[in-house]
Amino acid sequence: MAIDILHFQRKLHDWASQDAERRFRDLWNLVCDPATLLVAWSRVSANRGSRTAGIDSFTCHRVERELGPEQFLCELRAELKEGRFRPTPVRERQIPKRDGNKRRLGIPTVKDRVVQMALMEPLFESDFYPSSYGYRPGRRAHDAIAEIVHFAHAPSDYECVIEADIEACFDRIDHARLLAEVARRVSDSASWGSCGRS
């Protein structure tokens with residue numbers, strides 16, 4: 001079952017990669033599928049961040065200990081199907097930076113992470129530029145450095161590297177434009193109604 005979902009998610013990614021204007025319909029049923037939620041749970045619980053709790057104080061370990069993944073996913077699926085699911089505010093932490101400033105870090109609840117994993121990654125990953133490395137699966141700062149080294153040598157022989165950072169990008173992102181980008185790719189009215197847009 002999980003292999004089927006991974007296969008379908010790869011197909012979604014391929015379709016999105018082949019046609020930047022393609023809009024996808026009926027994704028809500030895919031998100032609510034028990035196998036999709038199980039795959040999303042597996043990815044979230046295997047992630048290093050699984051040890052960090054959102055505002056509800058639940059980590060993946062606590063979910064496993066107190067509810068069990070099966071009950072947790074069953075309850076989450078019911079919330080999604082019945083239109084009761086609402087994303088929870090993130091827990092904020094201030095992370096010190098080398099320059100003495102602090103970076104805000106938002107920590108979603110485990111429930112929100114599972115829904116995000118089920119919904120977003122396969123479809124929107126294809127819209128990023130190949131040169132984008134931040135917050136993407138399977139891409140690390142070391143990969144970006146390796147690419148710079150590659151292009152700085154023959155046959156490319158690039159002569160300069162520009163590193164840029166948008167100050168407090170996630171704090172200042174225009175949510176209306178972000179939702180417009182989602183709507184450009186997804187025309188699934190069920191998902192809008194069930195997720196809530198507040």
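## Ground rules

Buried means under 20% relative accessible area, exposed means over 50%, and partly exposed is whatever falls in between, using a 1.4 Å probe and protein chains only.

The model here is predicted, so local features need pLDDT of at least 70 and side-chain atom pairs count only at pLDDT 80 or more, while totals for chains, interfaces and linings use all residues. Residues are numbered from 1 along each chain as its sequence is written, and side-chain values use heavy atoms, with hydrogens and water left out.

## Salt bridges

Back to Arg 185: its side chain meets that of Asp 127 in a salt bridge, 2.9 Å from N to O. The term covers a side-chain nitrogen of Lys or Arg within 4 Å of a carboxyl oxygen of Asp or Glu. The pair links distant parts of the chain, 58 residues apart, with Asp 127 in the loop between α7 (121-124) and α8 (141-151) and Arg 185 in helix α10 (residues 175-185). Helices (H or I, at least four residues) and strands (E, at least two) are DSSP runs, numbered from the N terminus.

The whole structure holds 9 salt bridges. Among them, Arg 140 and Asp 143 meet at 3.7 Å, N to O; Arg 140 is exposed at 51% and Asp 143 partly exposed at 25%. Shared partners also tie Asp 127, Glu 181, Arg 184 and Arg 185 into one network of salt bridges.

Another of these bridges joins Glu 82 to Arg 84, 2.7 Å from N to O. Glu 82 is exposed at 53%, and Arg 84 is partly exposed at 45%.

Arg 86 sits in the loop between α5 and β1 and is partly exposed, at 41%. Its side chain reaches the backbone oxygen of Gly 83 at 3.1 Å.

Next come the strands. β1 (residues 91-96) and β2 (residues 102-107) pair in the antiparallel sense over 6 bridges; pairing takes at least two DSSP bridges between two strands. Gln 94 stands opposite Arg 104 in β2. The two strands make a hairpin with 5 residues between them, and Gly 100 in the turn has a positive phi of about 95°.

## Rings

Rings of Phe, Tyr and Trp (its six-membered ring) pair if their centres lie within 6.5 Å; planes under 30 degrees apart count as stacked, over 60 as edge-to-face and the rest as tilted. That rule gives 2 aromatic pairs. Trp 41 and Phe 72 have ring centres 5.4 Å apart and planes at 55°, so the pair is tilted. Trp 41 lies in helix α3 (residues 34-46) and Phe 72 in helix α5 (residues 69-81), 31 residues apart, and both are buried. Phe 151 and Tyr 158 are tilted too, at 5.1 Å centre to centre and 35° between planes. Phe 151 is partly exposed at 28%, whereas Tyr 158 is exposed at 53%.

Charges also sit over rings, meaning that NZ of Lys or CZ of Arg is within 6 Å of the ring centre and within 35 degrees of the ring normal. The charged end of Arg 62 does this over Phe 58, 3.9 Å from the ring centre, and that of Arg 139 over Tyr 133, at 4.8 Å.

## Cysteines

How many disulfides turn up? A search of the whole structure finds 0 disulfides, a disulfide being a pair of cysteine sulfur atoms within 2.5 Å. For Cys 60, the nearest cysteine sulfur is that of Cys 74, 18 Å away. Cys 60 is buried at 3%, and Cys 32 is buried at 1%.

How values were computed: A polar contact is a pair of N or O atoms within 3.5 Å; within protein, one must be able to donate a hydrogen and the other to accept it, and residues adjacent in sequence count only if both atoms are side-chain atoms.
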